[in-house]
Amino acid sequence: MKIILLVCTIISLFKGAYAGHPLLGKPEIRNGKINLTNWKREAKSTIKLDGNWTFFWKTVLTPKFEELSSAKKGIQFPVPEIWSSFEKTKGLPDIKSKGYGTYVLKLEGLNPKDPPFGLELSGITSSFQAFYVEKSKAVFLGKNGVFATSKKNTIPRFKKVITKITPTEPSGYLVLHVSSFHYKSGGLFYSLRIGNYEYLVQNLDLEKLRNFFVLGLLLIMAFYHFGLYYRRKKDYGSLFFGLFCFSIFFRLFGLNSYFNLYFNTPSTLLFEITRKIEFISAFLAPAFFYGFARSIIPDLYEKRMFKVGLGVGVFF
C-alpha cells in the first residue's frame, strides 16, 4: 500500500496537467505571431503557445487594435519563462524579478466561421488580466488576483483559468497584463494552450479528480499511521511515515492552490500562507522520510541528515 501511495504521489507532483495531450497540426510562434490557418481543430487537438511573444516591460498597453498594431519598444521574450532569468541581460530592458509588463501575441489565419476555441491560462505569476482584441472590439477573457502596477494595489493569486475565444475577424491580438510583487519572480512558469474548449475543461476536471484521489490517500495513510503510533509509542517509523504523508498532502494542496476553492475572494494573506505551506512542506517531507527510513534500516542514513532537513523546514 505504501508503494502504491508513493507512486500516485510522484505522478501527481511531477506529471502535471500537460503530459499526454496531443499536439496536432502544431503551428509555430515567430516574432510575436502565430498563423493558425492549417490548425486542424479536432476534438482533442491542443496547441501550446510556446515561443517568442512581444513583451513590453513596465508598460500597460491599452487593449485597442490600433495601439497594439503600432506599439514599439517591445522585445521578443520567450514563453514560458520567468523574468529573473533575464535580469542584467545585455540588449534587454532592465528587467527585474518583480514588476509588471504586457505580453502580446498576434493570432492570424483565423476563420470567423469556425466554432469558438478554448484558452488555458496557467502558471502566470502572480496576477494578470487577459484580453482578446480585434479591430471592431476588445473582449475581456479573464483574470487572476488583482492586476496593478504597484505592490500596494496588487493582490496575487494562483489559479488555472480556462476561457473561450470567439473570433469574428481573420486576426486578433491576445494580450496579457501581468504583475508580480509577492513572489520570487514574475512571468509564466507553464505553457499556455488553445484547443477545444470542452476538452480543456474536461482535462481540468480529470486533473482535480486525480489530485483529490491522491490527497485522500495521503490523508487516510497519515491518520492511519498516527493511530498506529498512538497504540505503539515506540513505533517511530509509523509516526515519521504519517508525518511524511501529511507533509506531501499539504505540499500538493498548496502547489495546486486548492485553498482558492474555499476562498473566492483574492487575498494577499491567503497567498502568502499558501506559499509558506508549499515550501515548508517541501523541506519537511524529506526529513520525515529520513526518519522513517532510519526506523527500518538504522544504519542507512546518518542522524544528522534528519536534523538538517528538519532544521531547514523549521527555518522557512
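**Backbone features and local strand pairing**

Asparagine 31 is located in the loop that separates strand S1 (29–30) from strand S2 (33–35). Helices (H or I, at least four residues) and strands (E, at least two) are DSSP runs, numbered from the N terminus. The structure is a predicted model, in which local features need pLDDT of at least 70 and side-chain atom pairs count only at pLDDT 80 or more, whereas totals for chains, interfaces and linings use all residues. Residues are numbered from 1 along each chain as its sequence is written, and side-chain values use heavy atoms, with hydrogens and water left out.

The phi angle of asparagine 31 is positive, near 55°, in a residue other than glycine. Asparagine 31 is exposed, at a relative accessible area of 60%; the term exposed denotes over 50% relative accessible area, buried under 20%, and partly exposed the range in between (1.4 Å probe, protein chains only).

A positive phi, about 50°, also occurs at serine 257, which is not a glycine. Serine 257 is buried, with a relative accessible area of 8%, and belongs to the loop between helix H4 (236–255) and helix H5 (268–296). Serine 257 follows H4. Of the 20 residues of H4, 14 are buried, so the helix is largely enclosed by the rest of the structure. The end C-alpha atoms of H4 are 28 Å apart, in agreement with the 28 Å that its 20 residues should span at 1.5 Å a residue; the expected span of a helix is 1.5 Å times one less than its number of residues.

Two cis peptide bonds are described next. The bond between valine 79 and proline 80 is cis, with omega about 0°. Proline 80 sits in the loop between strand S5 (75–79) and strand S6 (81–82). The bond from threonine 125 to serine 126 is likewise cis, with omega near -5°, and serine 126 is placed in the loop between strand S9 (124–125) and strand S10 (127–133).

Strands S6 and S9 also take part in an open sheet of 3 strands, ordered S6-S14-S9, with antiparallel pairing. Both S6 and S9 are edge strands, each pairing on one side only. Two strands are taken to pair if DSSP finds at least two bridges between them. S6 and strand S14 (residues 187–188) run antiparallel and are joined by 2 bridges. Glutamate 81 stands opposite leucine 188 in S14. Strands of a sheet pair through backbone hydrogen bonds, either parallel or antiparallel.
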